[in-house]
Amino acid sequence: MVKKPLYQQISERLESQIMSGELPVGAQLPTEFALSEAYKTSRITSKRAVSELENKGLVERIRGKGTFVTARKATKNTSSIKQVLFILPFPGQNDLGNFAAGLLPFLAEKGYHVHIQDESFLTQTHFFQLIEQYAGMIYYPETGNSNLDILYQLQFQNFPVVLLDKKMEGFNFPYVTADNFSGGLLATRLLLTKGHTKIAFLNSRTISITSTVRERYMGYLRALFEAGISFHSLETTAHEEEAYASVVKKCVGEGVTAVVAENDLMAIQFMKQAKNSGIRIPEDLAVIGFDNIQAAEFVEPSLTTISQDFEAMGRAAAISLQKRIQKKDVENAVIPVSLIERESSGAR
């Protein structure tokens, strides 16, 4: 095999660092002298290596300052590309809601093919490839801090992105969420009407980094503030039985008689451990969840919950993405929620 010229080896090495984000947009390249020293070659060779990058549009020279990684211009007009990405937090996750029922038909009608992937796809694909292969992306982040570096690069490139379910600070991407604040408010007010005066909020994540949970918590606090009642926070960082048993014990110790949980899965696990401890639901402890997953209706007792309109959220995200692709202004969308009252909230 013929060995590649040294200038080409240097150029490809630098290009790899740019594509991987090791040398992000705005980063300064080593000087031609530094490259020649590092690779034990002439200034002419290192200059040619940098020129190769400049010809590809990956770097630009600024007189008197140096050579810098630059925003790469997409080789295609995104409006002519008919593939979009839909990124979900986890592979095969079925409890995130049926967003696709609203999202897929709308985009198909507009001629787009939707490529559904989990978050690992973002870390395994260079953002330049995303720009060249897709017209835009609907992104359901796991937390408010997910893939910040990749999202920054996409924002810098003006790549159309719409956030689903969560907001992310520091980005100008439009978002589509449920009205989580109203959900927390509705759940807590229901418990107040049933005579509860010690109501706790149960969460598993740091509220400061997850906008959905934070807004549900703020709705809970608002209802208690209006009623002149103090709040009680319960947090578990693990999902093992022992962790929930500890939370149940704390509830009993603090005289809590009702719980608003971050989501239905947590509410169901909490009820299971409460019943194992001899606590009756809802006679001794009322519980309300959030999401209205399928299991909520079939647990014993059935779970009172806040229902999100996932289909409407999916459709709203698809509409927003199409507008972004067409370079139109897009407003954030907050989709109403509804309270579904079942046995777990009881009557007092």
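The backbone oxygen of Arg342 lies 3.3 Å from a polar atom of the Ser345 side chain. That side chain also makes a polar contact with the side chain of Thr304, at 2.8 Å. A polar contact is a pair of N or O atoms within 3.5 Å; within protein, one must be able to donate a hydrogen and the other to accept it, and residues adjacent in sequence count only if both atoms are side-chain atoms.

The model is predicted: local features need pLDDT of at least 70 and side-chain atom pairs count only at pLDDT 80 or more, while totals for chains, interfaces and linings use all residues. Residues are numbered from 1 along each chain as its sequence is written, and side-chain values use heavy atoms, with hydrogens and water left out.

Ser345 sits in the segment after β14 (337–340). Helices (H or I, at least four residues) and strands (E, at least two) are DSSP runs, numbered from the N terminus. Ser345 counts as buried because its relative accessibility is 1%; buried means under 20% relative accessible area, exposed over 50%, and partly exposed in between (1.4 Å probe, protein chains only). Leaving aside neighbours within four places in sequence, the residues in contact with Ser345 include Pro282, Val287 and Thr304. Contact means heavy atoms within 4.5 Å.

Pro282 belongs to the loop between α11 (264–276) and β11 (286–291), and the peptide bond from Ile281 to Pro282 is cis. Another cis bond joins Glu300 and Pro301, in the loop between α12 (295–298) and β12 (304–308) where Pro301 is found.

| Cis peptide bond | Omega |
|---|---|
| Ile281 to Pro282 | near 10° |
| Glu300 to Pro301 | about -5° |

Asp291, in strand β11, has a positive phi of about 130° although it is not a glycine. Lys40, in the loop between α2 (32–38) and α3 (43–55), has a positive phi near 55°. Lys40 counts as exposed because its relative accessibility is 73%, whereas Asp291, at 14%, counts as buried.

The largest nonpolar core has 43 residues, and Leu107 and Met313 are among those that touch the most other members. Helix α13 (residues 310–325) gives the most to this core, with 7 residues. A second, separate core of 36 residues includes Val59 and Phe171. A nonpolar core is a set of buried Ala, Val, Leu, Ile, Met, Phe, Trp, Tyr and Cys residues joined through side-chain atoms within 4.5 Å.

Leu151 lies in helix α7 (residues 148–156) and, at 0% relative accessibility, counts as buried. Not counting residues up to four places away in sequence, Leu151 touches Tyr139 and Phe171, among others.
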